[in-house]
Amino acid sequence: MNATGRRKVLVHVGTPKTGTSHLQDVLFRNQEVLAEQGVHYPADRFDAHFLAALDLMQLPWAGLEQQAIGAWDRLAAQVREADGTSIVSHEILAKASRTQVDRALESFGDAEVHLVLSVRDLVRQIPAEWQENVKHRAQISFADFLDTIRDPGRSSRIGSWFWSVQEIPDIINRWGAALPPDRIHLVTVPAPGAPRDELWRRFSHTFGLDGLEGLDLTPERANPSMGVPETSLVRRINRRVAKSLPSEHYRPLVRELLAHQTLSQSSESPRLSLPPEQEEWVRALSASWVEEIGARGYDVVGDVSDLLGVPSGVAQDDWVDPDRPSARSVARASLDAIEALLLEAARLREVEADLARQLHDTREALDRAHLRPSYRVREKVVRGMEQSAPGRAGLGVYRRLRNGVNSFSA
């Protein structure tokens with residue numbers, strides 16, 4: 001609960017690949033428990049804040065933008081009506097322009113607004129963002145992706161998106177221009193090797209969830225990562241089905257079934273990582289961000305040095321290139337994909353067969369019913385009575401009496 005008694009809004013705007021899926025899942029599943037303790041996460045469906053973000057920024061997104069119309073205004077109205085603390089959270093909000101940010105902040109009325117930005121080192125973010133692009137049908141190679149983001153002057157949708165949601169000082173400039181530094185909170189993703197629940201502890205502290213009772217923290221939704229050969233396989237699939245697989249089928253079959261549920265489960269594959277020769281410029285850029293963040297005096301939850309990243313220590317000759325994975329590793333991933341698709345096809349065949357049986361039984365029952373003379377006579381009488389007001393009234397009385405008898409008999 002906001003100790004001052006004023007309404008407070010915590011606006012969590014990203015960045016992607018910083019544990020946001022788990023955070024939003026916990027908030028969505030625990031809405032009632034949170035509301036009882038003065039914390040509100042207004043959402044009537046798990047992707048409500050995603051749709052609101054699409055609406056705010058007018059982003060096209062595989063047809064979902066049609067569902068998103070009016071979503072931001074509905075969310076903002078719920079925030080204005082809530083007492084205590086409200087949380088708004090989605091990582092694509094990091095991309096919002098200054099004009100869109102102004103509209104968002106104004107829509108919360110007189111609430112005390114705080115900005116929350118969860119951040120992770122570029123050493124891990126760059127490979128993760130390339131993989132995320134691949135899971136959204138991109139065909140770009142890792143080498144081309146690296147060239148794209150290293151050349152700010154290069155005209156590229158992928159490069160533009162990457163920096164709009166990853167360049168920490170710029171995101172804060174857009175979202176935090178009207179906020180004092182003590183209302184801007186940076187949650188750093190712990191370095192590799194930290195306790196598994198460390199990131200949640202940092203989120204919990206930032207969002208005022210420490211000490212709240214009854215929260216179910218069981219992970220149900222996540223955005224898991226694939227290894228090198230698995231990502232390479234999905235990129236090859238994208239090239240093959242680019243024109244033949246409609247968007248509405250790509251997400252459930254490729255992104256969810258193959259990428260998330262199947263290929264991300266492999267523990268044998270090497271993880272995606274930066275080429276060793278790219279680490280120097282990445283760490284140098286990160287160091288400049290760390291210096292700037294320290295000078296601005298924001299509230300950092302965690303350690304700002306987490307943003308520097310940990311050198312991989314991998315020699316160039318030992319680095320696994322995702323553009324040239326071994327044929328054996330890709331073949332193994334392909335067999336996993338084929339198995340998953342065959343099992344899904346078998347499941348759907350069973351569903352189809354069950355529906356066919358139900359349809360057959362229903363048709364037979366209808367045919368038997370229509371063959372009974374008494375049914376045809378009753379049907380004719382009912383149609384006649386429905387043509388007049390007295391007849392309809394009589395039918396209403398009969399149906400009420402019949403329902404009362406059936407209820408009594410039951």
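Trainee: Which side chain does Lys 135 meet in a salt bridge?
Mentor: Keeping in mind that this is a predicted model, the side chain of Lys 135 meets that of Glu 132 in a salt bridge, at 3.4 Å from N to O.

Trainee: Are those two residues buried or exposed?
Mentor: Lys 135 counts as buried because its relative accessibility is 1%, and Glu 132 is buried too, since its relative accessible area is 12%.

Trainee: What else does Glu 132 meet in a salt bridge?
Mentor: The side chain of Glu 132 also meets the side chain of Lys 17 in a salt bridge, with 3.5 Å from N to O. This pair links distant parts of the chain, as Glu 132 sits in helix H7, residues 122-134, while Lys 17 lies in the loop between S1 and H1, 115 residues apart. Both Glu 132 and Lys 17 are buried.

Trainee: OK, and how many salt bridges does the structure hold?
Mentor: The structure holds 21 salt bridges. One of them brings together the side chains of Arg 201 and Asp 197, at 2.8 Å from N to O. Salt bridges with shared partners join Asp 197, Glu 198, Arg 201, Arg 202 and Asp 306 into one network.

Trainee: Why does Arg 201 count as partly exposed, and what about Asp 197?
Mentor: Arg 201 counts as partly exposed because its relative accessible area is 40%, and Asp 197 falls in that class because its relative accessibility is 38%. Partly exposed covers the values in between buried, under 20%, and exposed, over 50%.

Trainee: Which way do the residues of S4 point?
Mentor: Glu 112, His 114, Val 116 and Ser 118 point one way from S4, whereas Val 113, Leu 115, Leu 117 and Val 119 point the other way, and all of them are buried. As background, side chains in a regular strand alternate between the two faces of the sheet.

Trainee: And which strands are joined to S4?
Mentor: Strand S1, residues 8-12, is joined to S4 by 5 bridges, and the two run parallel. Strand S5, residues 184-188, is also joined to S4 by 5 bridges and runs parallel to S4. To find these pairings in the picture, you could look for Lys 8, which stands opposite Glu 112 in S4, and for Val 116, whose bridge partner in S5 is His 185.

Trainee: What about Gln 24, where is that?
Mentor: Gln 24 is in helix H1, residues 20-29, and it counts as buried because its relative accessible area is 6%. If you leave aside the neighbours within four places in sequence, Gln 24 is in contact with Tyr 41, Ser 89, His 90 and Glu 91.

Trainee: Then there's Gln 37, is that one buried or partly exposed?
Mentor: Gln 37 counts as partly exposed, because its relative accessibility is 23%, and it lies in the loop between helix H2 (31-36) and strand S2 (39-40).

Trainee: How far apart are Gln 37 and Val 330?
Mentor: They are 293 residues apart in sequence and 50 Å apart in space, going from C-alpha to C-alpha.

Trainee: Which residues form the nonpolar patch on the surface?
Mentor: The patch is formed by Leu 335, Ile 338 and Leu 342, which together have about 320 Å² of accessible area. Ile 338 has its place in helix H15, residues 327-371, and is partly exposed because its relative accessible area is 46%.

Trainee: Last thing, what does the whole chain look like?
Mentor: The protein chain has 17 helices and 6 strands, and its C-alpha trace spans about 90 × 60 × 40 Å along the principal axes. Its radius of gyration is 28 Å, whereas a compact globule of 410 residues would have one near 22 Å. Of those 410 residues, 46% count as buried.

Notes
Residues are numbered from 1 along each chain as its sequence is written. This is a predicted model: local features need pLDDT of at least 70, side-chain atom pairs count only at pLDDT 80 or more; totals for chains, interfaces and linings use all residues. Side-chain values use heavy atoms; hydrogens and water are left out. Patches are made of residues with over 30% relative accessible area and no salt bridge: like charges are joined within 9 Å, nonpolar side chains (Val, Leu, Ile, Met, Phe, Trp, Tyr) within 5 Å. Accessible areas come from the Shrake-Rupley method with a 1.4 Å probe; for residues, only the protein chains shown count as cover. A salt bridge is a side-chain nitrogen of Lys or Arg within 4 Å of a carboxyl oxygen of Asp or Glu. Helices (H or I, at least four residues) and strands (E, at least two) are DSSP runs, numbered from the N terminus. Buried means under 20% relative accessible area, exposed over 50%, partly exposed in between (1.4 Å probe, protein chains only). The radius of gyration is taken over C-alpha atoms; the globule rule is 2.2 Å times the number of residues to the power 0.38. Contact means heavy atoms within 4.5 Å. Two strands pair if DSSP finds at least two bridges between them.
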